[in-house]
Amino acid sequence: MANNLLQGKKGIIFGALDEKSIAWKVAERCAEEGAQLVLTNAPVALRFGQINELSAKLNAEVVPADATSMEDLENLFRRSMEIFDGPCDFVLHSIGMSLNVRKGKEYTDLNHEWMLKSFDISSISFHRMMQVMMKLDAIREGGSVLALSYIAAQRVFPDYNEMAESKALLESFARSFGYHFGTKKKVRVNTISQSPTKTTAGTGVKGFMEFFDYADKMSPLGNASSEACADYCVVMFSDLTRMVTMQNLYHDGGFSTMGMNPAVLGL
Ligand SMILES: NC(=O)c1ccc[n+]([C@@H]2O[C@H](COP(=O)([O-])OP(=O)(O)OC[C@H]3O[C@@H](n4cnc5c(N)ncnc54)[C@H](O)[C@@H]3O)[C@@H](O)[C@H]2O)c1
């Protein structure tokens, strides 16, 4: 159901690793809606992931960038401006990684070097990319910047570990940078707080499958799929949401507003 909502728009998508990635679905939907895209991921993900398949399918160039490197980010935005022959209209930050989660460290026994790495990759990268974009004038007036978040920024989900703090920081950057980007360039910055989704990053969290089922039962509409998330991203990149900024937008089938659902208790 393409509606040409992004006809003529140009966007940069961070974080498509394989076809389960939320960013993969977003890239496909944006292309369906008429956008021209540049895809990017960390050099290591280019070797292990399938991004080149997506690149061929969407006719979108891949520009590698480690999101923690200012040099890589500068190169990415400069190269994108060459490809697009000018600034872009939208950017998706779909990046998350925690070594503490990967290695099953308990929250009360975290490796703090790894914690800092998690913050750098999952959150500070969002500030880095916006800082580079602003400096290089790499996004057009009225442009839209989005990052993907999770409700553990507001509520306690013990096994989500220090990714909870990563998401709180990410959402705070959206508000603070959103002020500066809005004032200077009328660029809007938002986060989408997505349901649990079966991806490489998602399923790496301890107890994910049980929690996925719990959230699905708790939400009146069920868990939001990555395809539905892609639809929401398209709307947020389109001109239809040009006055929405500095928001954390729940995309979770109603989970965030529920207290208890009898379905969870089997009633
Ligand atoms: N899956 C879920 O349950 C869920 C729920 C809410 C929010 N999110 C968020 O959605 C986003 C995308 O995750 P996903 O679930 O699609 O998983 P994913 O594993 O497919 O995507 C994570 C991406 O981050 C990239 N990445 C890691 N380190 C990087 C670096 N240094 N530089 C550049 N890229 C790097 C990976 O290569 C990968 O493409 C993340 O921010 C995640 O926290 C996921």
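Predicted model: local features only at pLDDT ≥ 70, side-chain atom pairs only at ≥ 80, totals over all residues.
The ligand is surrounded by 26 residues, and the closest are Ser21, Gly96, Thr199, Ala201 and Gly202. Two or more residues of this shell come from each of helix H1 (22-32), strand S5 (139-149) and helix H8 (200-203). Of these elements, H8 gives the most, with 3 residues. Sorted by class, the shell around the ligand holds 13 nonpolar, 12 polar and 1 charged residues.

Helix H1, which contributes to the ligand shell, is also largely enclosed by the rest of the structure, because 9 of its 11 residues are buried. The buried residues of H1 are Ile22, Ala23, Trp24, Lys25, Val26, Ala27, Arg29, Cys30 and Ala31. Just after H1, glycine 34 adopts a positive phi of about 100 degrees.

Two packed helices are described by the angle between their axes and the distance between the axes. For H1 and helix H10 (residues 226-237), the axes come within 8 Å and cross at roughly 55 degrees. This angle makes H1 oblique to H10, and the crossing in which H1 passes H10 is right-handed. On the H1 side, the contact is made by Ile22, Lys25, Val26, Glu28, Arg29 and Cys30. On the H10 side, Ser226, Glu227, Cys229, Ala230, Asp231, Cys233, Val234 and Phe237 take part. The residues of the contact of H1 with H10 comprise 8 nonpolar, 1 polar and 5 charged. Several of the H1 residues in this contact, including Ile22, Lys25 and Val26, are among the buried residues of that helix.

The contact of H4 with H6 is made up of 7 nonpolar and 3 charged residues, with no polar ones.

The loop between H4 and strand S4 (88-93) contains proline 87. Proline 87 counts as partly exposed, because it has 18 C-beta neighbours inside 10 Å. Apart from neighbours within four places in sequence, proline 87 is in contact with Met81, Asp137, Ala138, Ile139 and Arg140. The C-alpha atom of proline 87 is separated by 9.4 Å from that of glutamate 141, although the two residues are 54 residues apart along the chain.

Backbone geometry was also examined in the loops. Most residues other than glycine have a negative phi. Asparagine 59, however, has a positive phi, near 55 degrees. Asparagine 59 is found in the loop between helix H3 (51-58) and strand S3 (61-62), and it is exposed because 9 other C-beta atoms lie within 10 Å. Methionine 246, likewise not a glycine, shows a positive phi of about 60 degrees. The loop that holds methionine 246 runs between H10 and strand S7 (248-251). With 17 other C-beta atoms within 10 Å, methionine 246 is partly exposed.

Key:
Residues numbered from 1 in each chain as written. Near = placed C-beta within 6 Å. Helix = DSSP H or I, 4+ residues; strand = E, 2+ residues; numbered from the N terminus. Nonpolar A, V, L, I, M, F, W, Y, C, P; charged D, E, K, R; others polar. Axes fitted to C-alpha atoms, helices over the stretch in contact; angles between N-to-C directions. Parallel < 35°, antiparallel > 145°, perpendicular 65-115°, else oblique. Left-handed = near helix turned anticlockwise from the far one by under 90°. Contact = placed C-beta atoms within 7 Å. Buried ≥ 20, exposed ≤ 12 C-beta atoms within 10 Å, placed from the backbone.
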